[in-house]
Amino acid sequence: MHRLILAAASVLCAGMSAAAPPAVAPILTTPEARDVHSYARPEVARVTHVALDLDADFTAHRMAGTATLDILAARGGNEIVLDDEDLEIQAITDARGRPLHWSLGQGDATHGRPLIVEIGAARRIVIRYRSAPEAAALQWLTPAQTVGRNHPYLLSQGESILNRSWIPTQDSPGIRQTWEARITVPAPLTAVMSGERLSPRGVPAGPGRRAFRFRMTHPVAPYLIAIAVGDIAFRALGPRTGVWTEPAMLDRAASELRDTEAMVAAAERLYGPYRWGRYDMIVLPPSFPYGGMENPTLTFLTPTVIAGDRSLVSVIAHELSHSWSGNLVTNAVWSDSWLNEGFTTYAENRVMELVYGPHRASQEAALSWDDMQAALRQLGPTSPATALHHDFDDPDGTNSGIIYDKGAIFLRTIEHIVGRPRWDAYLRSYFDRHAFQPMTSAGFLADLRANLIRGDRALEDRLQLDRWVYQPGVPDNAARPDPAAFAEVDAAVRTFDAGGPADGAAFARWNWAERVRFLKGIAQRQSQARLAELDRAFRLADSGNSEVLFAWLRLALANRYEPAVPAAERFLQAMGRMRFVVPIFQALVAQGDWGLPIAQRIYAETRAGYHSVTRDRVDRLLQRH
Ligand code: BES
Ligand code: ZN
C-alpha cells in the first residue's frame, strides 16, 4: 500500500516534555483513506503531538488553557488545517510567543469548522482557547446526577468526531498523535485520562486546586483522548487492572469486574501482548452515552453493566478487545468503522469463550446473529447501508447490526472456512504488522490476500471477500450460529406462540441471554392480556438486568401496553445510554397518537440529563413529528 511519511527527520519536533520523543505514525494517502469528516489536510501539514494544559472550570463549564501542537509539514507547507467546533480561540502563537495569523473557514453543523493557522516556518504552535459550555464531547454533571450527590462531575466522549469541541487538533482517526496533559481541577476532585497517570494523587496547583498529569507515548487516533473528573476512587483488581468509580459504587464495581485480569490474559493468548501498560476501567455516572468506550488504558463504562451477577461483562471483553482492533489497528476513516467494531465484536466473543466457556459464547454469538438479521429487515437486504464499507453523513448514526454483527460474522465465516488455527495465527500477525497504524477495508483485504490466501484461487472463491465488504446483504457462505445454543428457550417460544402459558419457573432459571432470546423470539404482536401474563409471570417491570428490561420495554411499548409506561419512564430517567434510550423513544414514537405524547412528556423531563450525542439523536427523532 502506498504510504507517505511526511517530511524529513530534521523537521520532526521533539516532544514538549522530556518524555519519550513522539513516534510519528504513517498516514495513508490512498483515495479510500480520505477522511470526509475532518477538514485536515495532513499531506500538507499534520499534528504529531498534542500537549494540553487546561483548567477544568466547573462554574463556567469550560476547559480553558493551552494546546501546544507539534507539526510535521511538507516542503513549502506553510499552513495547517485543524478541526474546531465552537472553540473560543484567544490567541495562536509560535513556540516563542509570536502571534500567528489564523482564520475559521466555512463549516457545517455536524463537523464544525476548519481552523486554518498560517504557521510559516513554525513547527510548534500554542493555541490559547477555551471550550464552549455546550461542547459536544463534554458533559458537565451536577452533583444530583452522580451517585454520591455531593460533587459535580465531568466526562468526555470523543468518538467519533466530538473531540474537536474541546481539543483543537486534527480530529481524524487516520492522523495518530502522541499526547500529554496537565489538568487542574477543584481540590476535592480527581482527574483521570486515557493515558499513563504521572501524578496519581495530584499536586497542589494554586488556591483550592490540584493538577494531574498524563501522557500517551504511543501515537493514537485523537478520538481516543478522554477525561473524567469527579469524586472517584480506585480499587486494584489485578497486577495491571483496576477500577475507578464513585466511592459508593466501588464495592459493586470491583465485584462485577473481578474477571478482568483473566480477560486480559485471554485476549493476549489470542492476539499477542497487551501493549498499553495498564488496563483500568471507570464506571461513570448513568448519563454516559455508551455501554463502554475503549479509551486506551482506561475503558469508560456505563453503570448499566453493573448487573450484580457479572452477566453483562461481555462489554468488558469488547472494550478490552479494542486494545487490538481499534486502538492498535485503527479505521483510517469512519466509513470503515466495521474494522474497529466488527473485528472487536468477533474478538469479544473469542475472549468470552476462553473465560466463560463455549456455551455462553455461542449464546451471545447467536444473539449477535439475530441483531444482524434485525438490521437487514429494518434496512432492507439490498440497502447500501447493509454493506460493511459504506458512507454516511453522520459517523455516529451507523447501524450496529451491520458494522458490529455482520462484521463479526464475516470474520467468523473466514475462521470456519480456513480453520481456527490458521485464522488465529493470521489475525495475530495482522495486528503485529499494522500496530499503531491506520487501516482501510482495501488494506485489510490486500493483507488477507497477501498473507492468508496467497493465491489459492479456490479459497478466494469460497470466501467471497468483496461481496462481504462492499455489497449489501449477507453472502450465502455466512457462518451460522449454533442452532442448539438456545434449544430450550426456542422450544418455549414455540409453546408460547402456540397459545401456551408463560412459564415463570423456566424464565426464573434462564440467564439474561435466554430471557432476551425469548422476549425477542416470540411474536412481536401481542394482546394486552398476553403481555399482562408475561409481565406477571416473569416479573418483568422490576427486572434488574438492563438488557432484559430493555427487551421487555421495546416489546411492551410496541404493543401500547400501558402498565409498562412507568417502568419505561424510570429507565429513561435513570440512564442516558444511547443504545437503550433511542430505541425506546423510537418504539414510543412509532405508536403515533398513543406513544408520541408519552415520549414528549418523558423527554421533557429527561433531556437535560443526557449527553449531547444522546440528546441530538432523540431531538431529531422527536422533531420529525
Ligand atoms: N467504540 C464503541 C462506542 C462508540 C461507537 C462510540 C461509535 C461512538 C461511536 C464501543 O466500543 C461500543 O461498541 N460500545 C457498545 C458496547 C459493546 C459491548 C457493543 C455500546 O455502547 O453499547
Ligand atoms: Zn466497540
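1. Buried means under 20% relative accessible area, exposed over 50%, and partly exposed in between, with a 1.4 Å probe and protein chains only. By that rule, both Phe518 and Phe538 are buried.

2. This is a predicted model, where local features need pLDDT of at least 70, side-chain atom pairs count only at pLDDT 80 or more, and totals for chains, interfaces and linings use all residues. Side-chain values use heavy atoms, without hydrogens and water, and residues are numbered from 1 along each chain as its sequence is written.

3. The whole structure holds 29 aromatic pairs. Rings of Phe, Tyr and Trp (its six-membered ring) pair if their centres lie within 6.5 Å; planes under 30 degrees apart are stacked, over 60 edge-to-face, the rest tilted. Phe518 and Phe538 have ring centres 5.6 Å apart and planes at 70°, so they are edge-to-face. This pair links distant parts of the chain, 20 residues apart: Phe518 lies in helix H13 (residues 512–521) and Phe538 in helix H14 (residues 528–538). Helices are DSSP runs of H or I, at least four residues, numbered from the N terminus.

4. The rings of Trp552 and Tyr561 are also edge-to-face, because their centres are 5.7 Å apart and their planes stand at 70°. Trp552 and Tyr561 are both buried.

5. A cluster is linked by ring pairs; its members include Tyr271, Trp338, Phe410 and Trp468.

6. Two arginines deserve a look. The charged end of Arg360 sits over the Tyr356 ring, 4.4 Å from its centre. Arg577 has its charged end over the ring of Phe580, 4.5 Å from the centre. The criterion is NZ of Lys or CZ of Arg within 6 Å of the ring centre and within 35 degrees of the ring normal.

Definitions and conventions
Chains are lettered from A and ligands numbered from 1 in the order in which they are written. Helices (H or I, at least four residues) and strands (E, at least two) are DSSP runs, numbered from the N terminus.
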